[in-house]
Amino acid sequence: MAFISAAEELASKGYTQVENKFITKYLPVLDAQAVKVYIYALFVSRSGLINYSAEDFAQKLEMTFDDVKSCFDYLEEFELVSVTSRSPFEVKILDAENVYGTPKKMKPEKYSAFSSAVQSIITGRMISTNEFMEYYYLLDEYSFEQNALIMIINYCVNLKGDDIRFAYIKKVAKSFADEGATTAKKVEEKLSAYTSSTPALLKIFGAMSINRRPDVEDNAMYEKWSGELGFGDDAIICAARHFKARNMQRLDDAMNELYKNRKFDPKEIEDYCKSRNSLYSCAAEIAKSLGVYIQNATPYVENYVSVWRDYGFEPDALSLIADYCFIQGKNSFERMNDCVLSLYGEGIITQSAVTERLEKLASDDKLIKHILTECGLSRKIIEYDRQCLKRWREWNFSDEMLFAAAREAQGKNNPVAYMNAVLSSWKAEGLHTPDELPVRPLAGESSKAIIEQHYFDLRAQAKERAEKALARAVKDEVYSNIRKKLNSLSIKLAFAEVSDAEQAKRISEEISQLEKQGDERLKAMGLTKRDFEPKYKCSICNDTGYDKNGKQCECLKRFIKVNKL
């Protein structure tokens, strides 16, 4: 083994270095020969000279071997080095930053009375030499009076028990020193303050279900809440209960939040927590409806949910919007916010108004899908389609006119854009009903135009009858309410089928019961749900003139024959 080695934490530094603490606190008081030996020992330990002996070391410094040993023994008293073996002579250099010693030799006999007092207090175990050295270090480094430190140790033992660990005592002692309490008088004053605040802390602990005695850190937090922040004991206990705090750090976070929001009175805190809990529950429900996972709800509450609630949206209305956004693929708080802002801009806030608006949007999407099919398109609905429908309705065009324009756009490169142009020209010409539209047969194919107009009229009449039947039914308040409930449940069912099979089953059963009630109500009015679907004159071609194989229907052949086309 090498004559000189370094402690692991020093060796890992990878280079020769004299620590600042050695220079600032040890260099001024060490013997010059000892400094010479110490610095050269650092160099040897960092140079990897494995076969370097104590004799080589002495020769290099032009010292005798005995003088070198004497210097190392001297340095060991300051715990800068440790003589690990006498034969062969081996030394380990210690880390000056972690030593117990100070820039003067530690004299244990100086602290004999102190040591006896400490051991008589800590009766649950024997105090080690190293621990005593730590106490001596506290006395010297922080200028504690011996009686002051004994009082602190006694306080800690009464708090934690007679087998208390040194780490806790050291932490408490340093906290006293940081506040300038290093004399017996100041320590006594501080401990008296702790004693006076203990009853209040015990009541707070009772509200938090904490079964232990308050300590210094607890008292520091209590002083902050009652002093710096200005909370009364009743307010702190109220916060502990309503925030369901189970540790002091959680309660400290709660008190800071209440201070930030200027809630100091217990009634204010109670109302704030009820509102706060409602917001967090609402955020969780919205996240579930959107199908998103949120680990920390606070940013979503602060940036979205609380803002929406301030706008006037109730939780049920927000749940409906979240369900709708999920179905539309807008499954994020950010995209839902766009939808909420759009509704808010239209003054749609209440649950009933939101339900009606979302049903209208769903109905619009259904109409758009039919229009796209009539155009010959099978793609998904995009926002541009909705904007176009809104514009066409502003132009006062009926659904029949939109279908007519869609047929005009069949086969075009951009059917929806072509529809826009067609409807714009009809608006300019003042054409707003199908019977006002001129017959425009292709050149040499006037018979085809007549046939197409005939079958268009048949389909339009069938759809008109169905729409009148539906309009009559929804005028009935009872059936209208049943229909609204069914539409709302249909939205929820779409989400539940993806995320919760049990909930989907329950919703399906509820829908089934409502449908039976709806059928009974329709029967009382002399209607059935089939009346809401177009009843075409020809069940074979559904008033198109061609069967499912694309061949002329018998009704078309008769029409051609009768009209001599």
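This is a predicted model: local features need pLDDT of at least 70, side-chain atom pairs count only at pLDDT 80 or more; totals for chains, interfaces and linings use all residues.

Reader: Fine. How many helices and strands does the protein chain have?

Author: There are 25 helices and three strands. Those are DSSP runs numbered from the N terminus, with helices being H or I of at least four residues and strands E of at least two.

Reader: And what's the radius of gyration of the protein chain?

Author: The protein chain has 44 Å, while a compact globule of 565 residues would be near 24 Å. The radius is taken over C-alpha atoms, and the globule rule is 2.2 Å times the number of residues to the power 0.38. Along the principal axes, the C-alpha atoms fill a box of roughly 135 × 60 × 45 Å.

Reader: What share of the residues is buried?

Author: Buried residues are 42% of the 565. Buried means under 20% relative accessible area, exposed over 50%, and partly exposed in between (1.4 Å probe, protein chains only). As for contacts (heavy atoms within 4.5 Å), 63% of those with a separation of 6 or more join residues 24 or more positions apart.

Reader: Switching to strands. How do S2 and S3 pair?

Author: S2 (residues 81-86) and S3 run antiparallel, with five bridges between them. Two strands count as paired if DSSP finds at least two bridges. A hairpin of two residues connects S2 to S3, and Arg86 has Phe89 as its bridge partner in S3.

Reader: Is S3 mostly covered or mostly open?

Author: Mostly covered: S3 spans residues 89-93, and four of the five are buried.

Reader: Now the holes. How many cavities are there?

Author: Three of 30 Å³ or more turn up in the whole structure. On a 1 Å grid over the protein atoms alone, a cavity is a set of points where a 1.4 Å probe fits but cannot get out; a pocket is an open set with protein on both sides within 12 Å along at least five of seven lines, and lining residues have an atom within 4 Å of a point. Points are joined across faces, edges and corners, and a volume is the space filled by probe spheres set on them.

Reader: What lines the largest cavity?

Author: The lining includes Ile368, Asp385, Trp392 and Val416. H19 gives the most, four residues. By class it's seven nonpolar, no polar and one charged. Nonpolar covers Ala, Val, Leu, Ile, Met, Phe, Trp, Tyr, Cys and Pro; charged is Asp, Glu, Lys and Arg; the others, Gly among them, are polar. The volume is about 60 Å³.

Reader: Last one: which residues lie nearest the centre of the largest pocket?

Author: Ser363, Lys366, Leu470, Arg483 and Phe532, out of 43 lining residues. That pocket holds about 1700 Å³ of space. H18 gives the most to its lining, 12 residues, and the classes come to 17 nonpolar, nine polar and 17 charged.

Note on methods:
Residues are numbered from 1 along each chain as its sequence is written. Side-chain values use heavy atoms; hydrogens and water are left out.
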